[in-house]
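The report that follows goes through one protein model, from its strands to its core and its charged pairs. Please keep the sequence and the 3D view open while reading.

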Amino acid sequence: PIRLWMWLGESVTSRNDLEQELAQLRVEQLITDGRLQKLDALEAENARLRAMLDARSKVRDRTRVAEIMSVDANPYNHSLVINVGTQDGVFDGQALVGADGVIGQVIKAGLMTSLAMLISDTDHALPVEVNRNGLRTIVVGTGTIDSLELPFVVNNADIHIGDLLVTSGFGGAFPAGYPVAVVDSVTRIPQEPYAKVTAMPAASLGQVREVLLVFSSTNKD
């Protein structure tokens, strides 16, 4: 009986030790998984920054990188706050571009931060041209992050799905030649003067973390 009792005591102790060891391993695994997630985030950030640097090297105008501090949670108000302001040379109306295309423009430059409007906002309109043939028109926001409209394209206009829209340079805010969107639907309506044309923004507006502020030769310094 004594040996049996001792064996039972050792078994219980071993089980408790194993359970404690298992609990500790689970904690260590959780910490490791958390660090791996941070590593994934850092790798994604590095990829974004490399893309931004690559885009910056292709831009002939003077630029400055800015980080997004916050995004308006209102789905109908597509705006964001960046971490630079007038002390950095930022001004109202200044163009914002990303690694893949136009993001928006500054609507209120503060001393240290600035408020910017995305091109998808319903109050935003941007002069563009079809890169293929130079056809000029205007792109307006729809309130949907991945969709834009071209409300002033006549029915017989030479525009097709897949056409790249770039900034025309008219209007003063955006220098010419920056990608804006790609036409994704063209519906020609009989008896109507204008076709129904929509486009997808060239930049991923809902995923952007950094932007380039553009200072062209016509901009303020």
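Which residue in β2 is the bridge partner of Val 71? In this predicted model, the partner is Leu 80. Strands such as these are DSSP runs of type E with at least two residues, while helices are runs of H or I with at least four residues, and both are numbered from the N terminus. Two strands count as paired if DSSP finds at least two bridges between them, and strand β1 (residues 62–71) and strand β2 (residues 79–82) meet this with three bridges in the antiparallel sense.

Because the model is predicted, local features need a pLDDT of at least 70 and side-chain atom pairs count only at pLDDT 80 or more, whereas totals for chains, interfaces and linings use all residues. Residues are numbered from 1 along each chain as its sequence is written, and side-chain values use heavy atoms, with hydrogens and water left out.

**Overall layout**

Six of the strands form a closed barrel that runs β1-β2-β5-β4-β3-β12, with antiparallel pairing. From one strand to the next, the twist averages 45°, where axes are lines fitted to C-alpha atoms (for helices over the stretch in contact) and angles run from 0 to 180 degrees between N-to-C directions.

Of the 221 residues in the protein, 35% are buried; buried means under 20% relative accessible area, exposed means over 50%, and partly exposed lies in between, with a 1.4 Å probe and protein chains only. The accessible surface comes to about 13400 Å², and 55% of this belongs to carbon and sulfur atoms; such areas come from the Shrake-Rupley method with a 1.4 Å probe, and for residues only the protein chains shown count as cover. Contact means heavy atoms within 4.5 Å, and among contacts between residues at least 6 apart in sequence, 57% join residues at least 24 apart.

**Hairpins**

Strands β6 and β7 run antiparallel and are joined by five bridges, with Ala 125 opposite Val 140 in β7. Five residues lie between the strands of this hairpin, where Gly 134 takes a positive phi near 80°. Strand β7 also pairs with β8 in the antiparallel sense, over two bridges, and here Val 140 has Glu 149 in β8 as its bridge partner. The hairpin of β7 and β8 has six residues between its strands, and Gly 143 takes a positive phi near 85°.

**Core and selected contacts**

A nonpolar core is a set of buried Ala, Val, Leu, Ile, Met, Phe, Trp, Tyr and Cys residues joined through side-chain atoms within 4.5 Å. The largest one holds 44 residues, of which Ile 82, Leu 96, Leu 165 and Leu 213 touch the most other members. Strand β12 (residues 210–215) gives the largest share of this core, with five residues. Beyond its neighbours within four places in sequence, Leu 165 is in contact with residues including Val 128, Val 139, Leu 150, Tyr 178 and Ala 199.

Val 186, in strand β10 (residues 179–187), is partly exposed, with a relative accessible area of 22%. Leaving out residues up to four places away in sequence, Val 186 touches Ile 159, His 160, Ile 161, Lys 196 and Val 197. Val 186 and His 160 are 26 residues apart in sequence and 6.6 Å apart in space, C-alpha to C-alpha.

**Salt bridges**

Side chains of opposite charge can pair when their charged atoms come close. A salt bridge is counted when a side-chain nitrogen of Lys or Arg is within 4 Å of a carboxyl oxygen of Asp or Glu, and the whole structure has four. The table lists pairs among them.

| Pair | Distance, N to O |
|---|---|
| Asp 88 and Arg 64 | 3.4 Å |
| Glu 129 and Arg 136 | 3.9 Å |
| Arg 132 and Asp 158 | 3.1 Å |

Arg 132 lies in the loop between β6 (125–130) and β7 (136–141) and Asp 158 in the loop between β8 (148–150) and β9 (164–167), so this pair ties together parts that are 26 residues apart in sequence. Arg 132 is partly exposed at 44% relative accessibility, and Asp 158 is partly exposed at 38%. A network of salt bridges links Arg 132, Asp 158 and Asp 163. Arg 136, by contrast, counts as exposed at 54% relative accessibility.
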